[in-house]
Amino acid sequence: MIHVLFQGFETSDPVLHMRCADAIEKITAQRPELLRPFKEQILHHLSQFDQPEVRWHVAPMLSRLPLSEAEESAVVSLLLSYTDDRSRIVKTLAMQALADIALRNRRLLPAIKPHIEELTAIGTPAMKARGKKLLESLAKDGQS
């Protein structure tokens with residue numbers, strides 16, 4: 001069934017793109033393994049959409065994928081570029097995805113944490129609130 005949602009990205013309809021991304025992101029919040037067969041499509045096609053309503057769903061999908069070290073580096077770079085997006089929602093969800101990746105792979109923390117700290121300091125109220133929680137989570141996890 002999820003493959004039908006991915007077919008929605010083959011159209012030129014931005015509303016369909018947004019709705020498919022939303023559905024995929026919601027489904028995979030509970031079942032991230034469903035993303036595995038679509039990893040290449042997510043990494044090389046969906047992640048390149050510049051439509052904010054797609055990007056804000058792609059960011060959490062990227063953090064749920066099993067990634068090789070090279071893929072992980074590419075995803076971190078991509079998510080860092082998302083933090084420059086014009087959409088505040090994209091920025092906030094990219095921060096969350098970066099933190100999720102850093103929690104999964106602590107060696108990335110030194111590269112990710114300063115960006116989250118900066119966005120927390122200069123961002124919108126929502127970014128500041130999310131950033132504060134993310135930084136607490138990263139600090140707490142580092143003490144475990």
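Modeller: Helices (H or I, at least four residues) and strands (E, at least two) are DSSP runs, numbered from the N terminus. Along the sequence the chain reads α-α-α-α-α-α-α-α, that is, eight helices and zero strands. The model is predicted, so local features need pLDDT of at least 70 and side-chain atom pairs count only at pLDDT 80 or more, while totals for chains, interfaces and linings use all residues. Residues are numbered from 1 along each chain as its sequence is written, and side-chain values use heavy atoms, with hydrogens and water left out.

Now the rings. Rings of Phe, Tyr and Trp (its six-membered ring) pair if their centres lie within 6.5 Å; planes under 30 degrees apart count as stacked, over 60 as edge-to-face and the rest as tilted. The structure has three aromatic pairs. In one of them, Phe-6 and Phe-38 have ring centres 4.0 Å apart and planes at 5 degrees, so this pair is stacked. Phe-6 belongs to helix H1 (residues 2-7) and Phe-38 to the loop between helix H2 (14-30) and helix H3 (39-44), so the pair ties together parts 32 residues apart in sequence. Both Phe-6 and Phe-38 are buried, where buried means under 20% relative accessible area, exposed over 50%, and partly exposed in between (1.4 Å probe, protein chains only).

Phe-9 and Phe-49 make an edge-to-face pair, at 5.6 Å centre to centre with 75 degrees between the planes. Phe-9 sits in the loop between H1 and H2, and Phe-49 in the loop between H3 and helix H4 (52-64), so this pair ties together parts 40 residues apart in sequence. Phe-9 counts as buried at 2% relative accessibility, and Phe-49 is buried at 12%. Phe-6, Phe-9, Phe-38 and Phe-49 form one aromatic cluster.
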